[in-house]
Amino acid sequence: MRDEPNRGTGHREDDDPWRRLPAMAPAGRTAAAAPGRVRSVADPAAGPPAPPGGRTVPPSPLDPGAALDPHPVHRRLREEFPLTYDPLLRAWVLSRYADVATALTDPRFTHGHRPGDPACARAHVDVDLAELRAVVERTAYVLARRIAGRDRADLVADFCHWLPAGTVAAAVGVPYRDMMRLVRGRAATALAGECGGQIAVREKALASFLGNVLADPDQTAALRGAPAGLVARAWAESLRRDPPVQIAVRRTREDVRVSGGILPGGSSVALLIGAAGRDPERFREPDRFDPLRDDADQLTYGPGFCPAVILAGLEAEYAVRALFGAMPRLRLDDGFRPAPAGLITRAPRTLVVRPNG
């Protein structure tokens, strides 16, 4: 999956970035759109916004540099352009938490098959939770033990890349030696259904989670041997602060009022999940990773039963248990800091660690 769509003048319809977006789950609860600071809204029929000297030009989530640090762009969109049309995306853009949460749950927006959706929950039967837990635990400990004897390791390449694929492979009876076939071919969709096959999203979510935990020595210490409930809170907090999918697309079924104006019916809408998760109108100190916050929420997964959602949470829990169990002094390498990258999907591409301190 490419993180950045073709921005050239020869853009073809089959290069539309929205055809390559992973499915996205709704929020656990719906928030009403709130009025706020509003600038004039661009009209898509009028073409691209006027250059400086006329009205102010809103930034684009695809602006140069956004792949390395999208947060300044997200901040300006939330504060000044809560509703704007982006000609690069060929879609209206929503960035405030209230608007994005509404678009992910409101029937006035189109919805597909998304992990954790109520409709998704009805599609899954006969899932053995105890077996899923056993499979994840066994796979995580095998991977952790393979890293434990090294001087240095990259947790993305050596752990995060393998754990989601390995749990699906084991769950559906694919031998361990054939696991790479799932990673390369994404065959898990055919083997375990559409939700179970969302391996790439779970890889990125796990990489961001471990990066958040290891970047702060206090968090690292707090999660060593922590009860499952605390690990689950840290996992949800990582999904809020650093969601694996930054942008989701929906289409309006009818006119919808949001912050900044009215979305026309039948319009494509880009939902900035990453911007919504750091909205200061919803979260105190939104840039801070705080598993104990009392205003927690995340927009990556919905509240319903789904194997993909369960597997992702179990992978986070047993990643922490297996890694710290096999490597009690595990820490980031000297001078290394996680550096998330990506426009549509986003996560650290490397996590260089010293397994033995």
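## Basis

This is a predicted model, in which local features need pLDDT of at least 70 and side-chain atom pairs count only at pLDDT 80 or more, while totals for chains, interfaces and linings use all residues. Residues are numbered from 1 along each chain as its sequence is written, and side-chain values use heavy atoms, with hydrogens and water left out.

## Overview

The protein chain has 13 helices and 11 strands. Both are DSSP runs numbered from the N terminus: helices are H or I with at least four residues, strands are E with at least two. Of the 357 residues in the chain, 53% are buried. Buried means under 20% relative accessible area, exposed over 50%, and partly exposed in between, with a 1.4 Å probe and protein chains only. Contact means heavy atoms within 4.5 Å. Among contacts with a separation of 6 or more, 72% link residues 24 or more positions apart.

Four strands form an open sheet with mixed pairing, in the order 1-2-7-4. Two strands pair if DSSP finds at least two bridges between them. Strand 1 (83-86) and strand 4 (247-251) are the edges; each has a single partner strand, so one side of each lacks a neighbour in the sheet. On average, neighbouring strands are turned by 30° against each other, direction ignored.

The pairings are listed here.

| Strand pair | Sense | Bridges |
|---|---|---|
| Strand 1 and strand 2 | antiparallel | four |
| Strand 2 and strand 7 | parallel | three |
| Strand 4 and strand 7 | antiparallel | five |

Strand 2 covers residues 91-94. Its Trp92 stands opposite Tyr85, and its Val93 stands opposite Thr84. Towards strand 7, Trp92 has Val269 as bridge partner, and Val93 has Ala270.

How many residues of strand 7 are buried? Five of its five residues are. Ser268, Ala270 and Leu272 point one way, while Val269 and Leu271 point the other way. In a regular strand the side chains alternate between the two faces of the sheet.

## Helix 2 across the sheet

Helix 2 (residues 97-105) lies across strand 2, strand 4 and strand 7 (268-272). It runs at about 125° to strand 7. Axes are lines fitted to C-alpha atoms, for helices over the stretch in contact, and angles run from 0 to 180 degrees between N-to-C directions.

Eight of the nine residues of helix 2 are buried, so the helix is largely enclosed by the rest of the structure. Asp99 and Thr102 are among the buried residues. The buried residues pack against strand 2, strand 4, strand 5 (256-258), strand 7 and helix 12 (273-276).

## Gly261

Gly261 is found in strand 6 (residues 261-263). Gly261 is buried, with a relative accessible area of 19%. Leaving aside neighbours within four places in sequence, Gly261 is in contact with Leu83 and Val256. Gly261 and Pro82 are 179 residues apart in sequence, yet 8.7 Å apart in space, C-alpha to C-alpha.

## The nonpolar cores

A nonpolar core is a set of buried Ala, Val, Leu, Ile, Met, Phe, Trp, Tyr and Cys residues joined through side-chain atoms within 4.5 Å. The largest one has 51 residues; Leu155, Phe159, Leu206, Phe209, Leu210, Trp235 and Leu323 touch the most other members. Helices that each supply at least two residues include helix 4 (129-148), helix 9 (199-215), helix 11 (228-241) and helix 13 (307-326). Helix 13 gives the largest share, 12 residues.

Beyond its neighbours within four places in sequence, Leu206 is in contact with Phe159, Cys160, Leu163, Trp235, Glu315, Ala316 and Ala319. A second, separate core of 20 residues includes Phe109, Ala248, Val258 and Leu299.

## Helix 4 against helix 13

Helix 4 and helix 13 pack at an angle of about 35°, with their axes 8 Å apart. Residues that meet include Val136 and Tyr141 in helix 4 and Leu314 and Tyr318 in helix 13. The contact has 15 nonpolar, no polar and five charged residues. Here Ala, Val, Leu, Ile, Met, Phe, Trp, Tyr, Cys and Pro count as nonpolar, Asp, Glu, Lys and Arg as charged, and the others, Gly among them, as polar.
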